[in-house]
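Welcome! The notes below walk through it topic by topic.

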Amino acid sequence: MGRMPSMHAGRHGYVMQDFLLTLLIVVVMAQILTSAVALAIRSMQYGQDVQDEIALAQLRRILIISDDFRTEGSALYFVNQGRQMTLRLVNENLIIQPGTQIMLVDVDSVSFLEEGNLIRCIYERKGIFHERIIALQ
């Protein structure tokens, strides 16, 4: 008499195929997730750069109609519409005073340099220095 095949004899191959297919799906999804996280981190950094450029463009518009510029290291003094104004770092924010018009946020340090008829703003955020021309005298 011949041996009857067991009901479970063919299941080992089927279980192994299911396991390999599941493993393949998990590996592909992990790669997609890793790429998505890396992209999100890069876009967050890019977003900060865009916000900086928008804020600096607004600052330039204010300084275009200003005069009597004077720099003292970490502060820029100027007259805008007859009022003495100061641009300086306060609590990691670059602000215009009087008032509290915030121009840049999360800034570690800032300095202003006069070079000929240009005024440069050099600011540091997370160990990276950024230098931008903000005004013409």
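**A first look**

The protein exposes about 9800 Å², and carbon and sulfur atoms supply 61% of that area. Keep in mind as you read that this is a predicted model. Of the 137 residues in the protein, 28% are buried.

**Overall layout**

- Take the contacts between residues at least 6 apart in sequence: 26% of them join residues at least 24 apart.

- Which residues make the nonpolar surface patch of about 570 Å²? They are Leu21, Leu24, Ile25, Val28, Met29 and Ile32.
- One of these patch residues is Ile25, and you will find isoleucine 25 in helix H1, which covers residues 11–64.
- Is isoleucine 25 buried, partly exposed or exposed? Its relative accessible area is 48%, and buried means under 20% while exposed means over 50%, so isoleucine 25 counts as partly exposed.

- Glutamine 101 has its place in strand S5, which covers residues 101–104.
- With a relative accessibility of 41%, glutamine 101 is partly exposed, because that class lies between the 20% limit for buried and the 50% limit for exposed.
- Which residues does glutamine 101 contact, leaving aside its neighbours within four places in sequence? The contacts are with Ile62, Leu94, Ile95 and Ile96.
- From C-alpha to C-alpha, glutamine 101 and leucine 87 are 9.4 Å apart in space, and 14 residues separate them in sequence.

**Rings and a charge**

- The structure holds one aromatic pair. Phenylalanine 69 and phenylalanine 78 form this pair, with 6.3 Å from centre to centre and 35° between the planes, and it is tilted.
- Are the two partners buried or exposed? Phenylalanine 69 has a relative accessibility of 14% and counts as buried; phenylalanine 78 has 0% and counts as buried too.
- The reason is the cut-off: buried means under 20% relative accessible area.
- Now find tyrosine 77: arginine 70 lies over the face of this residue, at 4.4 Å from the ring centre.

Key: Residues numbered from 1 in each chain as written. Predicted model: local features only at pLDDT ≥ 70, side-chain atom pairs only at ≥ 80, totals over all residues. Heavy atoms only, no water. Buried < 20%, exposed > 50% of the residue type's maximum accessible area, 1.4 Å probe, protein only. Contact = heavy atoms within 4.5 Å. Areas by Shrake-Rupley, 256 points an atom, 1.4 Å probe, with all protein chains shown as cover. Patch = residues over 30% accessible without salt bridge, like charges linked within 9 Å, V, L, I, M, F, W, Y side chains within 5 Å. Salt bridge = Lys/Arg side-chain N within 4 Å of Asp/Glu carboxyl O. Helix = DSSP H or I, 4+ residues; strand = E, 2+ residues; numbered from the N terminus. Phe/Tyr/Trp six-rings, centres within 6.5 Å; stacked < 30°, edge-to-face > 60°. Lys NZ or Arg CZ within 6 Å of the ring centre and 35° of its normal.
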